[in-house]
Amino acid sequence: RASHTSSLSRSAMSAVMFAQSASACRATPVGRKDFFKGQNLRASASRGVAKPKPIVFTAVKASGVNVEEVISQAPSAVSNSKTVAAVILGGGAGTRLYPLTKQRAKPAVPIGGAYRLIDVPMSNCLNSGISKMYILTQFNSVSLNRHLARTYNFGNGIMYGGNGFVEVLAATQTPGLGGKEWFQGTADAVRQYSWLFEDMKNKDVTDIIILSGDHLYRMDYMAFVAKHREVGADITIGCLPMDGERASDFGLMKIDDTGKIFEFAEKPEGDALLGMRVDTAVLGLDAETAKEKPYIASMGIYVFKKSSLVDLLNSAYPDDNDFGSEIIPRAANDGRHVQAYLFNDYWEDIGTIKSFFEANLNLAKNPPQFEFYDAKAPIYTSPRFLPPAKIVKCHVKDAIISHGCSLADCTVEDAIVGLRSQVGSKCVIKHAMIIGADYYESDEDKAKLLETGGVPVGIGAGSVISNAIIDKNARIGKNCVITNEKGVQDFVDEENGVYIRSGIVVILRNATIPDGTTI
């Protein structure tokens, strides 16, 4: 091909180089194909937006063989989403997830063997073409900040035309009224940084999507934004169709025949619950499903018109600190257009030890309700340079074994085994989650520990673990039994690294459980 290079016209060479660079970009996490020819483009076409004609560059070589590159300048997900910014709430103190949140923020809690909870909304944004992201943090944010810096570094944002960024906004004290207070709630957290929305680099932003950092789901946010814009709403709420069995655990809403919300109720029961029934077919469900799920519950994610958000936070309701229980219900009562957007797919709030445990184990089921393995919309995480898992003479069934693990002559069923986990011979791990480790210990280090009566990181030989979560870097000795056989619901022995919540045993991060211990 080099012999024909001189015969290529400059325009053709530019086209070829651009196509090659586009191909390279599509192979990287932040430059997926969705940003060039993604679903948002198809969605735009379906809404009647004319698709520009592609520009065709053609070069004719002396030999008469044509070299043709077709480069489409149709709107990409990036260009469609330049007017959208995302704000991801880093969560409160995470008391219901304690002790997993003892030294980390809720969104930094590991999930699925190799990921963090924050990876879910971050990846959904990237897959939706949203490249302007703020993350609000307050509690135990060190590991969350470290993970974000390692994973979502856009550099100078050139992949997004210079406009992409990920910025961590930590709770801080500032001069002026209320400036000495930390975040008082979801709305107050956004209020304290609302001046950023009017900053020069957000001059093109017209809509703000507010997301939670502790939910598990996969969603196209631009479809969410498109509905918000289509109906001209001030606020659009992501909603789940719900049956009567679970409805009382959520904040519910009533809608009119256009999907506009006019009434809210927080976890109603009895007659109050029955009074919140609506025709969910209005939001797109078929008649049979609408009959089975006659309630709509808030997902805790919202799209705000930027001008409305700034006005509601700073002028209309400056003393209200929560979106779900204060600002949004008041806005609806005062005549603002608050719209419902139906999301009829898997969604889980990872708010408690029980929900966290069940959501993780469900990932290992066949088929799973949610899967990280999706070529069209992958969930990204920190790049790690670890070897493949090493599994020797093991029985493994319905389990996820992460990279860097070493398992020998053991049984693993219905379990998650996280990064760098070391599982000794004759171990039985069933219905359990091993979060893994941050580092390896050398054979020499292990030998020294054993000589002095210490316990290496990992699961010692002959141990049985069931109905338990083993946090990072925990040291489980040989022949331990951690099963909560007596069914204790709540127990605290933090000094020895043991918690039981909702009947699930949690071994704390960096804890040591001596040989032969029974829990």
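## Basis of the model

Residues are numbered from 1 along each chain as its sequence is written, and side-chain values use heavy atoms, with hydrogens and water left out. Because the model is predicted, local features need pLDDT of at least 70 and side-chain atom pairs count only at pLDDT 80 or more, while totals for chains, interfaces and linings use all residues.

## Largest pocket

The largest pocket has a volume of about 1,500 Å³. A pocket is an open set of points on a 1 Å grid over the protein atoms alone, where a 1.4 Å probe fits, with protein on both sides within 12 Å along at least five of seven lines; lining residues have an atom within 4 Å of a point. Grid points are joined across faces, edges and corners, and the volume is the space filled by probe spheres set on the points. Of the 50 lining residues, R96, D214, H215, G300 and D349 are the closest to the pocket centre.

Elements that give two or more residues to this lining include strand 6 (132–137), strand 13 (295–305) and helix 13 (323–333); helices (H or I, at least four residues) and strands (E, at least two) are DSSP runs, numbered from the N terminus. Helix 13 provides the largest share, five residues. By class, the lining has 19 nonpolar, 21 polar and ten charged residues; Ala, Val, Leu, Ile, Met, Phe, Trp, Tyr, Cys and Pro count as nonpolar, Asp, Glu, Lys and Arg as charged, and the others, Gly among them, as polar.

## Strands around strand 23

Strand 23 (residues 464–470) runs parallel to strand 21 (residues 428–434), joined by six bridges; pairing requires that DSSP finds at least two bridges between two strands. Within this pair, V428 has V464 as its bridge partner. Strand 23 also pairs in the parallel sense with strand 28 (residues 504–507) over three bridges, and there A468 is partnered with V505.

## Nonpolar cores

A nonpolar core is a set of buried Ala, Val, Leu, Ile, Met, Phe, Trp, Tyr and Cys residues joined through side-chain atoms within 4.5 Å, where buried means under 20% relative accessible area (1.4 Å probe, protein chains only). The largest core has 97 residues, of which L216, Y217, I469, I470 and I507 touch the most other members. Its largest share, six residues, comes from helix 14 (residues 353–363). A second, separate core of 44 residues includes L136, I208, L313 and A340.

Notes:
Buried means under 20% relative accessible area, exposed over 50%, partly exposed in between (1.4 Å probe, protein chains only).
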